[in-house]
Amino acid sequence: MKMRSESDSLGEVSLPDERYYGAQTQRALDHFKIGHEKFPREIIKAFGLVKKAAALTNADLNLLPSFKAEAIVAVCDEVIRGDLDAEFPLLIWQSGSGTQSNMNANEVIANRANVLLGSSKGSKKPIHPNDDINLSQSSNDVFPTVMHLAALDQLQNKLLPALLCMENELSAKADQFDKVYKIGRTHLMDATPMTLGQEFSEFAAEISFCRQQIADARKPLYEIALGGSAVGTGLNTHPAYAEKVAETLASLTGFPLITARNKFSALASHDALVHASGCLRTLATDCMKIANDVRWLGSGPRCGLAELQLPGNEPGSSIMPGKVNPTQAEALTMVVARVLGNDVTIGFAGSQGNLQLNVFKPIIIYALLESITLLADGCMSFTEHCLRGIEPRVEVMKRYLESSLMLVTALSPIIGYDRAAQAVKTAQETRRSLRDIVIEQGYLSAEKYDAVVDPEAMTRPGL
């Protein structure tokens with residue numbers, strides 16, 4: 001492999017000549033061989049957007065010659081498109097400020113721009129990674145901005161559409177099953193009647209709530225740290241830079257971005273991201289509830305609840321022929337386990353701001369983006385391969401409903417709680433029907449019993 005030598009403030013570094021990254025990136029590769037987790041494409045894209053916005057703003061403020069700005073913007077467009085993804089090899093386990101990744105972006109853009117201008121990699125001429133690419137910036141305000149952009153991109157374009165699809169499917173099922181009557185359950189025990197549609201309306205309402213909360217969680221993320229420089233004072237930036245770069249970045253992304261009202265907080269705390277993770281945690285808890293309910297209701301097919309027929313997507317056992325398992329529900333519940341773990345990580349990392357800087361930035365955004373991706377993919381898979389194909393087993397639900405002793409609840413206001421309880425106890429002990437016991441005890445006539453104990457009417461009292 002052909003090698004070249006580049007220098008930084010610590011001296012000479014040898015690195016592969018084919019690479020556009022430079023000395024500081026190579027040092028990071030050598031010194032942070034920890035794990036295998038790399039930043040996803042959304043982070044790389046966000047770096048391209050931030051560096052492009054900075055170059056355009058610096059040029060507008062006459063801080064950067066136009067020929068440099070044009071070359072930088074051209075390379076940033078390559079970064080945004082994904083043409084240079086291979087040049088961003090760093091792991092997330094690095095400086096807690098994301099300095100190595102920021103310098104990775106600076107070096108790649110500088111070297112690529114210099115090549116486009118007829119110079120060579122590593123020359124730092126005419127474009128310098130620090131003096132030009134990082135002009136008016138610090139890793140401490142660049143990386144938080146990158147974090148917000150990446151989170152917004154994935155929330156807006158991946159998770160929210162997936163949740164809308166899931167909510168719509170659940171709402172459609174609620175309408176479809178509106179006249180399917182069944183027994184409700186509390187404490188895992190028989191309760192009063194309801195419809196399967198009402199049960200699915202609960203699921204739809206939960207996802208709707210989470211979707212709205214997540215949509216609202218975008219607002220704090222619209223405030224960006226760019227312009228805060230090293231500690232939040234804006235040292236080495238033009239007085240107009242912070243607002244102008246936010247306007248430029250807003251134009252590039254389509255997000256209503258504004259400069260952070262308090263840049264000291266934007267560097268030292270990541271409350272907006274911790275809050276977003278909290279909304280994901282709420283979604284995860286609802287996904288666990290829905291997935292568990294679906295697999296309980298679909299358990300069987302002959303020795304479980306068996307109220308739902310779940311799609312048979314693949315064989316479920318290597319030893320038991322014909323077995324089909326609720327694998328989509330299982331996958332979604334494992335996603336939940338990971339998301340809840342990520343939320344703990346993000347919460348702890350968010351608490352670790354010391355003085356003017358939080359130095360847990362890489363793990364915060366990595367965990368958050370992983371949670372967003374897993375929830376989006378998990379919810380879409382569950383919707384497409386489970387919810388969409390669910391069919392009710394009406395005969396099973398009817399049998400459970402007719403045999404339930406909790407139909408007695410409708411009798412309680414008429415014959416009294418104590419008599420109703422005694423009827424249930426007798427029916428349970430003698431294995432006879434509630435109807436027979438109530439009539440035999442002389443509490444109600446057969447006609448009156450049938451008029452009062454109407455499961456359909458019990459699902460919509462007062463109508």
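Helices (H or I, at least four residues) and strands (E, at least two) are DSSP runs, numbered from the N terminus. The model shown here is predicted, so local features need pLDDT of at least 70 and side-chain atom pairs count only at pLDDT 80 or more, while totals for chains, interfaces and linings use all residues. Residues are numbered from 1 along each chain as its sequence is written, and side-chain values use heavy atoms, with hydrogens and water left out.

**View 1. The largest cavity, with its lining from helices H2 and H4**. On a 1 Å grid over the protein atoms alone, a cavity is a set of points where a 1.4 Å probe fits but cannot get out; a pocket is an open set with protein on both sides within 12 Å along at least five of seven lines; lining residues have an atom within 4 Å of a point. Grid points are joined across faces, edges and corners, and a volume is the space filled by probe spheres set on the points. Three cavities of 30 Å³ or more are found in the structure, and the largest has a volume of about 60 Å³. Look for Phe39, Ile43, Ile44, Phe47, Phe88, Leu90, Ser101 and Asn104 around this cavity. Helix H2 (41–60) and helix H4 (99–116) each give two or more residues to the lining, and H2 gives the most, with three. Six lining residues are nonpolar (Ala, Val, Leu, Ile, Met, Phe, Trp, Tyr, Cys and Pro), two are polar (those in neither other class, Gly among them) and none is charged (Asp, Glu, Lys and Arg).

**View 2. The second largest cavity, beside helix H12**. This cavity has a volume of about 50 Å³. Among its lining residues are Leu310, Pro311, Asn325, His385 and Cys386. Helix H12 (residues 327–350) provides the largest share, three residues. The lining holds five nonpolar, five polar and no charged residues.

**View 3. The largest pocket**. About 510 Å³ of space lies here. Of the 18 lining residues, Gly184, Arg185, Leu188, Met189 and Leu305 lie nearest the centre. Strand S3 (181–186), strand S4 (189–195), H7 and helix H11 (271–297) each give two or more residues to the lining. By class, the lining has 10 nonpolar, one polar and seven charged residues.

**View 4. The second largest pocket**. Its volume is about 380 Å³. Gly298, Gly300, Pro301, Val324 and Asn325 lie nearest the centre among 18 lining residues. H11 and strand S7 (308–309) each supply at least two lining residues.
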